[in-house]
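Colleague: Could you walk me through reading some features of a model? I would like the general idea and then the case at hand.

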There are 2 protein chains.
Amino acid sequence: MDGYAVRADETTGASQSNPVLMREGVDCVRVHTGSPVPGEMDAVVMIEDTVTGGGMSVGGDAGEGAIVEIRAALHPGRNVSQIGEDVSRGDVAFRTSHQIRACDVAMLAMLGIMDVEVFASPKVAIIPTGSELAPRSGKIAEGMIRETNGLMVSTHIKQWGGIPDHRGIVIDDFDLIGTEIAASVDEGCDAVILCGGTSVGARDYVPDVIDTIGDLLVHGVGLSPGKPTALGIVSDTPVLSLPGYPVACLIALLEFGLPIVRKLGRMPEKPDRIVHARLGAKIASKIGYRTYTRVSVDGDVAHPVATSGAGIMSSVTRSDGFVIINEELEGIDCGDEVDVVLIE
Amino acid sequence: MDGYAVRADETTGASQSNPVLMREGVDCVRVHTGSPVPGEMDAVVMIEDTVTGGGMSVGGDAGEGAIVEIRAALHPGRNVSQIGEDVSRGDVAFRTSHQIRACDVAMLAMLGIMDVEVFASPKVAIIPTGSELAPRSGKIAEGMIRETNGLMVSTHIKQWGGIPDHRGIVIDDFDLIGTEIAASVDEGCDAVILCGGTSVGARDYVPDVIDTIGDLLVHGVGLSPGKPTALGIVSDTPVLSLPGYPVACLIALLEFGLPIVRKLGRMPEKPDRIVHARLGAKIASKIGYRTYTRVSVDGDVAHPVATSGAGIMSSVTRSDGFVIINEELEGIDCGDEVDVVLIE
């Protein structure tokens with residue numbers, strides 16, 4: 001507090017009409033918010049409750065030896081912060097696995113701690129597969145498509161606190177795919193994410209590759225879009241095989257990639273950013289499939305974005321978020337209240 | 001689709017029991033998901049609906065000139081993606097001020113767009129003021145405290161997409177504070193945030209400085225903690241003066257600093273990350289003050305964290321989030337449902 005540090009017992013009986021007179025620098029000491037209180041003082045009288053200059057003015061610096069009228073009686077400790085009242089010796093400031101926020105950075109600095117040990121960010125290999133894929137820059141040949149799923153996955157991995165390691169395009173070749181997964185694991189990647197080659201076509205080698213060099217745990221999930229997703233383990237490293245259709249790739253990444261990154265990085269789960277809305281039109285879904293419907297939000301209405309397949313990326317880029325329909329439901333009616341999970 | 005590209009009208013009448021025979025490479029062409037369909041073909045029959053090798057096996061590559069049994073009749077366009085079905089010439093992919101998300105990065109790459117013009121991240125000057133402040137590293141003298149508010153503000157500005165410019169500590173001196181604000185503006189900062197010196201004590205110069213070199217718009221707000229906050233304009237640049245008490249500093253930053261950064265960076269408003277909970281104990285608040293109560297969340301119960309002032313930073317660092325009480329209310333009862341805004 002801005003005011004005068006005093007010995008509380010010397011203010012007994014002081015009031016507006018009956019001030020106690022003190023000499024500045026002797027009986028009382030001028031202090032400001034944040035100042036230390038001299039050792040022999042135990043309370044601070046607010047500047048508003050003091051008069052200097054012979055009753056002419058409230059507060060201010062009286063000057064060494066000048067008389068200060070103290071016009072309030074105080075208990076010991078009044079307006080004084082005690083040592084250790086925030087954090088004191090022996091207190092636990094943060095436990096293991098606490099994720100450091102901006103306020104926590106400040107607390108650590110208050111404690112004089114400049115460095116703390118943290119869990120490493122997980123390094124995630126990203127392997128786009130497909131003989132039809134071309135690098136993103138420059139002209140591309142007829143019949144080829146630009147590699148963009150790996151870019152999208154890398155962007156999300158970084159956003160989620162992981163370190164993306166984009167390994168470059170691998171063509172549809174059983175051995176080359178296996179070699180790249182093994183190399184990623186050998187080079188210390190904590191997880192491997194492949195894009196494409198996970199369906200049941202003649203060129204869809206990824207699930208078989210995983211099962212040959214490791215263990216394929218799941219192939220095919222109740223997710224729409226995203227059904228062909230596969231999950232496996234190679235040399236104790238989780239491997240996630242995402243569909244090549246870009247919308248399915250994104251949604252399977254949100255469902256399975258995000259928890260992998262969080263778990264490996266020991267990051268706490270965070271709630272999504274949600275907007276509440278009423279559905280502007282009925283949406284259908286198949287029982288048994290957790291279904292991601294793309295919606296655009298206008299005021300408090302969520303309008304389903306017309307879609308015709310998991311390859312139509314503009315159905316996502318024109319959307320603000322997803323309405324996620326549980327596998328037990330068969331769609332949601334027009335006008336129903338829904339949570340829209342914002343796309344980030 | 002994985003299968004054979006065909007001319008749809010040549011499949012008329014084809015069925016499982018009545019296949020149409022075609023020569024590979026002449027009447028039909030082997031294609032994979034993502035392959036281009038040859039110009040004279042207009043549909044793709046799925047591999048599951050074909051037989052090669054004289055009826056011995058389903059699907060597979062028959063080989064140039066070999067006979068393929070087509071066992072399904074198709075309409076033109078079946079299983080073929082049309083050029084422009086996602087985005088076509090003349091479509092607007094993104095409008096001005098659209099914030100680019102991971103899916104949008106992928107869409108831009110699909111369109112072959114490697115560079116897009118974006119709004120600059122706002123540069124925010126951060127000026128901690130106070131004669132009691134010492135740099136964070138090393139030993140500090142008796143009566144001094146480490147500068148940590150500026151660090152906390154910088155961390156948040158970066159998290160929100162701005163560029164923090166921590167200007168270093170300025171002592172409680174009217175002219176030096178004014179000089180530093182003016183220098184920040186001259187050097188192109190888009191906003192100035194000061195910490196400390198905004199209350200009504202003898203050394204609280206910041207509001208007067210703002211009013212002298214610019215316009216003080218507001219001094220004192222209905223926010224608890226955070227009441228002494230001041231807002232002003234210096235040379236068309238917004239200036240935010242935050243309280244020096246660390247909890248008040250943080251809360252006034254969340255209320256006023258975040259919208260300043262978003263607005264200057266043309267970033268859309270985002271909903272907070274919210275956890276729904278029941279209040280584990282009654283909390284009080286003063287009418288007229290928007291009150292931030294610190295709570296820790298255990299399951300679906302939000303427990304108020306005991307506090308004794310805006311200087312007790314551990315009241316924040318031990319909390320998971322805030323229950324924000326509107327200025328019209330006088331507290332919230334135990335057991336009431338509340339939204340907890342997570343601290344990030």
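This is a predicted model: local features need pLDDT of at least 70, side-chain atom pairs count only at pLDDT 80 or more; totals for chains, interfaces and linings use all residues.

Colleague: Which residues of α2(B) and α5(B) meet?

Modeller: From α2(B) come Asn149(B), Met152(B), Val153(B), His156(B) and Ile157(B). They meet Pro246(B), Cys249(B), Leu250(B), Leu253(B), Gly257(B) and Val261(B) of α5(B). Sorted by class, this contact has eight nonpolar and three polar residues, with no charged ones.

Colleague: Now the chain pair. How many residues of chain B are in contact with chain A?

Modeller: In general, the size of an interface is often given as the accessible area lost when the parts come together. Here we have residue counts: 57 residues of chain B are in contact with 58 of chain A. On the chain B side, α1(B) gives the largest share, eight residues. That side divides into 24 nonpolar, 20 polar and 13 charged residues.

Colleague: Why is helix α1 of chain B described as largely enclosed by the rest of the structure?

Modeller: Burial is read by counting neighbours, with 20 or more other C-beta atoms within 10 Å making a residue buried. Seven of the nine residues of α1(B), which spans 102-110, are buried, so the helix is largely enclosed. Among them are Cys103(B), Met107(B) and Leu108(B). The buried residues pack against elements of chain A, namely β10, α2, α5 and α6. After the helix comes Gly112(B), with a positive phi near 75°.

Colleague: And the backbone: which peptide bond in chain A is cis, with omega near -10°?

Modeller: As a rule, most peptide bonds are trans, and most residues other than glycine have a negative phi. In chain A, the bond from Ser224(A) to Pro225(A) is cis, and Pro225(A) lies in the loop between β14 and β15. In chain B, a cis bond joins Ser224(B) and Pro225(B), with omega about -10°.

Colleague: What is the phi of Arg266(A)?

Modeller: Arg266(A) has a positive phi, near 55°, although it is not a glycine. Its place is the loop between α5 and β17 of chain A. Arg266(A) is partly exposed, with 14 other C-beta atoms within 10 Å. For Arg266(B), phi is also positive and near 55°.

Conventions: Residues are numbered from 1 along each chain as its sequence is written. Chains are lettered from A and ligands numbered from 1 in the order in which they are written. A residue is buried if 20 or more other C-beta atoms lie within 10 Å of its own, exposed if 12 or fewer, and partly exposed in between; C-beta atoms are placed from the backbone. Helices (H or I, at least four residues) and strands (E, at least two) are DSSP runs, numbered from the N terminus. Two residues are in contact if their C-beta atoms, placed from the backbone, lie within 7 Å. Ala, Val, Leu, Ile, Met, Phe, Trp, Tyr, Cys and Pro count as nonpolar, Asp, Glu, Lys and Arg as charged, and the others, Gly among them, as polar.
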